[in-house]
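Please look at the sequence and the structure below, and keep both in view while you read the explanation that follows.

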Amino acid sequence: MKNLFSNIKGDAFGGITAGIVALPLALAFGVSSGLGPSAGLYGAIFISFFAALFGGTNTQISGPTAPMTAVSMVVIAGIVAANDGDVNKALPAILTVFLLAGLMQIGLGAIGLGKYIRYIPYPVVSGFMTAIGVIILVTQILPAVGYYPKEDIDLVTQFKPQAEEIILENILKEEAGEGILVLEDFEETIKRAQLTTQDDIAKESQTLAKSASSGVLGTFKVLPRALKNINWLELILALATIFIVYGFKRITTKVPSALVALIVVSGIAYGFGMDYRPIEEIPTGLPVPNLEIFTNFSLGSITPYIFTALTLALLGAIDSLLTSVVADNMTKTKHEPNKELVGQGIGNSIGAIFGGIPGAGATIRTVVNINSGGKTRLSGMIAGILLLVILLALGPVASKIPAAVLAGILITVGIGVMDYKGLRAIPSLPKDIKLGPFKLSSEVLIMLVVLVLSTVWNLVYAVGIGLVIASLMFMKKIGDLTAERSDVKSLKEEAWQDETGFPSSLKEEVFVKHIKGPLFFGSTSDFQALALQIPITAKTVIMRLDRMQYMDQSGLYAMEDMLQDLKQKNIQVLFVGLLEQPRYMMERIGIIPEFIPNEHIFKSFKKCIAWVKENVEDKY
């Protein structure tokens, strides 16, 4: 806390800029979640402030994110459907799940699990992020064309028989709870059924229509109906928003293009009195806590949602700590993972009490904060305060924003969140497994399994399955390699036998580093610390790779990032003893020869030193 005010000017500018970037996204994520724009704004306010105050990453800006919103959307839809489609009735249960998720994050940080997040392999993260992009992109098609399933009378009518069946089931459950024997007292059942109105049936039918049209598969089911009932004004507003988001970036990136699109398109639509569909009204005044979370609390009521809350907690942890790593790379600092989880948990817990959707560390907002001068946690707190001021001052104005504009913004978010780096690498990765007559890369298989299952089934189960597959494949590969080289022993970080004659005149300029064992998703964090170990006087780095038998996709990209960083510092890198599999991986994506030309790869340390004496020693 002593350094909290050490960079007031930079933190103020960074926090204000990040808060402005967060505004349209918070509103859009709130609408997408199903709880409305205010829920997104409340989440952004409280998570940003308290995660910054108590977290372990100084420059992190937190708030609702695409992955957290995608999972929250499923949680909210399920609980609302179980409460007869009444959002207000379901709200205490929904917020209880969010509160539990926050408390679980605090627990994860308190018991020190933050450091284990790094063991999630790259293909799992890649498949998950691409799936998030697909889910957001596809689910925003319907609002972008102005089609809302619960307002399609013909579609809703199709669910009328099912709605009547559900209402009857609820009556029977009611009677069973009261000890009424239905077979002995048909009259009571008939009497209660007669109290059901056509409005009740219509409401249940609308809930079923909305539920059946949710998600990726649901969207594709009703897409033909949506295309026949396009609201051209809504579509034009959405397309105009998308055009400005991408077009304005070509003019300047100093002003958030999403905010420009929000203001310009909304201003035109409102100013010309267009007959568009606005977002839900944003309440004015200070946010107030939802005390029903506590007054209706019981162990039995939360038991069905414990796993759901754990899902959100783990996803928020992964999302936040991945962003923390990005912040570390930009600021050359080191975050505290367990403290960060505690901060995120506190932010999500308080946000839930005030009716906000859960969130995590947001990469784009964090990058904007750093680039704008933010250096301490004060910047994240300022971002939260700014959003609160906007809520109090401009709430009624924000309620006039067209729903299609936020759909357009979310479509660009969905497109942007996909992992194109991983997708582009698919043709290049080695095909190391055989499935019947087909050969496929194990990395690609894991990514595709996570992508497909996340998109059409369940995000969390998909990640779990991806982790299991990745672990099994890794164990097999390491087992095979260990069998081939059973004489491998643990080594201390000291000069190897063939390095004893290293020229003393070069010890200041040439740095020798040993990579021992496989470079895989579990060791990339330690490997990334390599650049910090290199002395400032070093002009050449010799990497001993004689004992790096295996490299996976996570290790491959970690190596690429490190080499790129060294290249920017004008430090040349020499490889010694590069083995077959790592070399093949690096050749496939161009590390060799783009970063390491073939003449900088040596079979032995002796040959490397001879080259160094001839090409490096004379310079110094």
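**A helix and its neighbouring strands**

In helix H27, which spans residues 580–588, the residues Pro582, Met585 and Met586 are buried, where buried means under 20% relative accessible area with a 1.4 Å probe, counting protein chains only. Because these residues cover an arc of only 95° around the axis, they lie on the same side of H27, the arc being that of the directions from the helix axis to the C-beta atoms. An α-helix has 3.6 residues a turn, so residues three or four places apart point the same way.

This is a predicted model, in which local features need pLDDT of at least 70 and side-chain atom pairs count only at pLDDT 80 or more, whereas totals for chains, interfaces and linings use all residues. Residues are numbered from 1 along each chain as its sequence is written, and side-chain values use heavy atoms, with hydrogens and water left out.

Helices (H or I, at least four residues) and strands (E, at least two) are DSSP runs, numbered from the N terminus. The buried residues of H27 pack against helix H26 (553–568), strand E7 (572–576) and helix H28 (591–594), with contact meaning heavy atoms within 4.5 Å. After H27 comes Gly590, whose phi is positive, near 90°.

Turning to the strands, E6 (residues 540–547) has 6 of its 8 residues buried, so it is largely enclosed by the rest of the structure. Strand E5 (residues 510–516) pairs with E6 in the parallel sense over 6 bridges, pairing requiring that DSSP finds at least two bridges between two strands, and His514 stands opposite Arg544 in E6. E6 and E7 also run parallel, joined by 5 bridges, and Val541 stands opposite Val573 in E7.

Methods. Buried < 20%, exposed > 50% of the residue type's maximum accessible area, 1.4 Å probe, protein only.
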